[in-house]
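Hello,

I am handing over the structure we talked about. Please have it open while you read the notes below.

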Amino acid sequence: MRQLYYELTESVRIAGAQIYANKLRSLLTALGVIIGIVAVTLMGTAINGIDAGVDRSLAGFGDDILYVSRAPWGNRFDWWKLRNRRGIRVEYVRAINEWIADQPNSALKVAVPYDQGFYHVTRGDNRLNNIMTIGTTDAYARTTRSDLLEGRFFSEFESQAGANVAVIGYDVASGLFPGESAVGQTVRVRDQNFKVLGVVSRQGSFLGAFSWDSMMVIPFGASRRFGRVNTDGDVQVQIDVKRLAEAKDELRGLMRRIRQLDPAAEDDFALNEVGTIRERIDPIKNGIALAGLFITGLALFVGAIGIMNITYVSVKERTKEIGTRKALGARRRTILLQFLIEAVAICLVGGVGGLALAAGLTQIVAVVAPSFPLVFSLGLVLTGLAVSVFTGIFSGFAPAWSASKLDPVVALRYE
Amino acid sequence: MSSPLPLPASALVRDVRPAGALVIDIAGVTKLYRMGTETVHALRGVDLRIHRNEYLAIMGPSGSGKSTLMNMLGCLDTPTAGHYEFGGKNVATMDDDELAGIRNREIGFVFQTFNLLPRSDALHNVELPLIYAGIPKRERLDRAMQSLENVGLGERVHHRPNELSGGQRQRVAIARALVTRPSIILADEPTGNLDSKTGVEILALFEELYAQGNTLIVVTHEEDVARHARRIVRLRDGLVESDAPAQ
């Protein structure tokens with residue numbers, strides 16, 4: 001065992017000396033690994049970033065919310081079945097909240113109505129089209145994770161009165177009120193004036209797609225006055241997320257009573273949650289991740305081939321030295337270990353260099369294109385180092401093996 | 001025949017140390033090589049016995065099998081047939097790792113081309129066999145230092161081979177061969193790459209080593225070198241032609 005340790009330290013020493021003595025060659029070889037590691041790492045940061053972006057977007061929805069809807073999200077539900085279902089009525093909200101008030105130990109916390117429409121919003125000459133407008137109550141502020149940059153949410157009074165007040169997203173504010181504060185000012189929606197009470201802090205968009213920054217929230221009553229019959233409205237119920245199953249059961253039971261369903265009848269509503277979205281996104285995300293890693297892995301593979309090639313050259317060059325070492329008592333596994341370590345050493349140099357370069361590039365991208373999701377993490381660094389070591393072992397093994405099998409008599413004669 | 005190298009003063013007295021235990025016992029050893037479709041009979045039945053404290057020269061023209069015999073003695077190669085015992089152990093049946101162990105502990109090689117590691121200093125070159133023997137660092141360095149001092153290079157332990165003369169390099173190689181306190185020193189044309197003056201110095205060093213109780217086997221094709229030994233074995237065509245004390 002001690003012997004192995006000494007051989008190991010000798011191998012590391014030799015590896016260092018070799019790299020130092022052949023700086024150009026080692027650099028060029030390591031370059032292959034560097035490029036491979038940069039590619040794979042950037043892919044990893046992109047995957048991390050997409051993960052974070054998805055999480056952030058979904059967090060805007062709130063993962064402790066149950067959505068009472070007519071149909072389950074995303075399912076290719078039988079349309080005719082759906083067609084015959086009654087709409088969700090916002091009166092349910094009151095019933096649910098009353099029930100929650102009576103049940104102090106409920107897993108349900110609060111219910112809010114949720115109306116949604118797309119309207120054009122104008123202010124003077126500035127105009128934004130198709131802004132998603134949510135109509136809800138003041139309790140909504142408790143259900144979402146987003147916090148306000150300035151101003152406030154509407155109060156209970158304003159909510160119940162259905163006052164023409166609004167809380168707008170960051171991009172809406174900067175679009176309609178460039179360079180000034182939106183709070184206290186007036187916007188026009190569907191020929192009605194709305195006073196801006198608050199601006200939501202910047203959420204960022206996920207790859208330029210859906211974002212809370214381009215939304216608006218108004219009291220439910222105000223939304224109703226736009227004349228949409230709320231057949232497709234939702235009821236959102238915030239729950240204790242640790243008791244998800246229990247909450248779903250409670251709410252289901254409650255809804256069935258509200259809808260006065262027979263015990264034998266199936267639900268004519270659906271309880272949706274953000275977890276469902278995540279479940280559908282995950283396989284897509286994983287598929288993309290795998291494909292991406294495979295492709296960038298090819299770049300690393302090319303680097304590995306470079307390592308293998310150079311190690312073969314190194315073995316050939318040092319044939320006489322290998323013969324001498326064997327004559328002095330080095331066993332086959334000693335020689336094998338020595339050249340493996342040399343290959344791993346170059347790969348580690350490449351790996352560390354590649355990781356540093358990738359970290360730098362990630363920083364640059366963060367400055368230049370902040371919405372592009374790249375997230376560097378410690379896990380990525382450790383994975384990158386592990387991948388480097390593995391690449392070294394994988395690519396160095398064949399040449400190291402051939403070195404270990406050299407006949408010392410033949411090797412010593414080599415000129 | 002060229003003029004003979006002057007023998008060192010001590011050799012004029014030519015004392016022969018009493019032989020010790022049997023180290024190498026070779027009986028009826030043959031070695032065949034396959035070169036393409038040809039079979040080369042490098043050794044055709046060699047008998048040789050070497051005891052401790054001997055100073056032996058093996059001579060022969062090229063093709064005589066002396067290199068093959070040397071590789072055999074050095075446990076770098078195994079016989080095709082015949083009996084070979086090293087220190088009482090049957091070498092012919094040993095596996096690669098065991099042979100490596102014997103080479104490490106029992107045999108000290110000295111090569112014609114020195115075969116030093118070019119990027120390591122003298123001290124590291126000499127400690128190398130001890131690394132393979134699993135000796136701890138402190139002890140390794142001590143023994144390597146001692147070995148270098150023994151060959152007169154105590155002042156140059158941190159020199160690289162390219163900072164040393166030919167003679168000094170061979171001394172480093174000899175120090176390396178001695179560091180494991182081997183049963184035999186096996187030298188292949190040790191003065192082949194040295195000028196005659198340096199060659200004399202190295203042979204004088206061998207004389208010292210012999211006086212210190214080492215067993216020396218020198219393989220050479222030069223009479224002048226062989227004459228320094230106490231016994232000369234001559235090979236021809238794969239067989240021992242003569243085996244007699246040196247005159």
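Two helices in chain B

In chain B, helix α6 (residues 166-178) packs against helix α7 (residues 196-211) at an angle of about 20 degrees, and their axes are 9 Å apart. Because angles under 35 degrees count as roughly parallel, α6(B) is described as roughly parallel to α7(B). The crossing of α6(B) with α7(B) is right-handed. Please keep in mind that this is a predicted model.

Which residues make the contact? From α6(B) they are B:Gly166, B:Gly167, B:Gln170, B:Arg171 and B:Ile174, and from α7(B) they are B:Thr198, B:Glu201, B:Ile202 and B:Leu205. By type, the residues of this contact are three nonpolar, four polar and two charged.

Where chain B touches chain A

Between the chains, 20 residues of chain B are in contact with 20 residues of chain A. On the chain B side, the elements that give two or more residues are α3 (96-106) and α4 (122-132). Of the elements on that side, α3(B) gives the most, with six residues. The residues on the side of chain B that touches chain A comprise nine nonpolar, six polar and five charged.

Domains of chain A

Chain A is divided into two parts: domain 1 covers 2-58 + 280-413, and domain 2 covers 86-268. Taken over C-alpha atoms, the centres of domain 1 and domain 2 of chain A are separated by 52 Å.

Regards

How values were computed
Residues are numbered from 1 along each chain as its sequence is written. Chains are lettered from A and ligands numbered from 1 in the order in which they are written. This is a predicted model: local features need pLDDT of at least 70, side-chain atom pairs count only at pLDDT 80 or more; totals for chains, interfaces and linings use all residues. Axes are lines fitted to C-alpha atoms, for helices over the stretch in contact, and angles run from 0 to 180 degrees between N-to-C directions. Helices (H or I, at least four residues) and strands (E, at least two) are DSSP runs, numbered from the N terminus. Angles under 35 degrees count as roughly parallel, over 145 as roughly antiparallel, 65 to 115 as roughly perpendicular and the rest as oblique. A crossing is left-handed if the near helix is turned anticlockwise from the far one by less than a right angle, and right-handed if clockwise. Two residues are in contact if their C-beta atoms, placed from the backbone, lie within 7 Å. Ala, Val, Leu, Ile, Met, Phe, Trp, Tyr, Cys and Pro count as nonpolar, Asp, Glu, Lys and Arg as charged, and the others, Gly among them, as polar. Domain bounds come from an automatic or database domain assignment.
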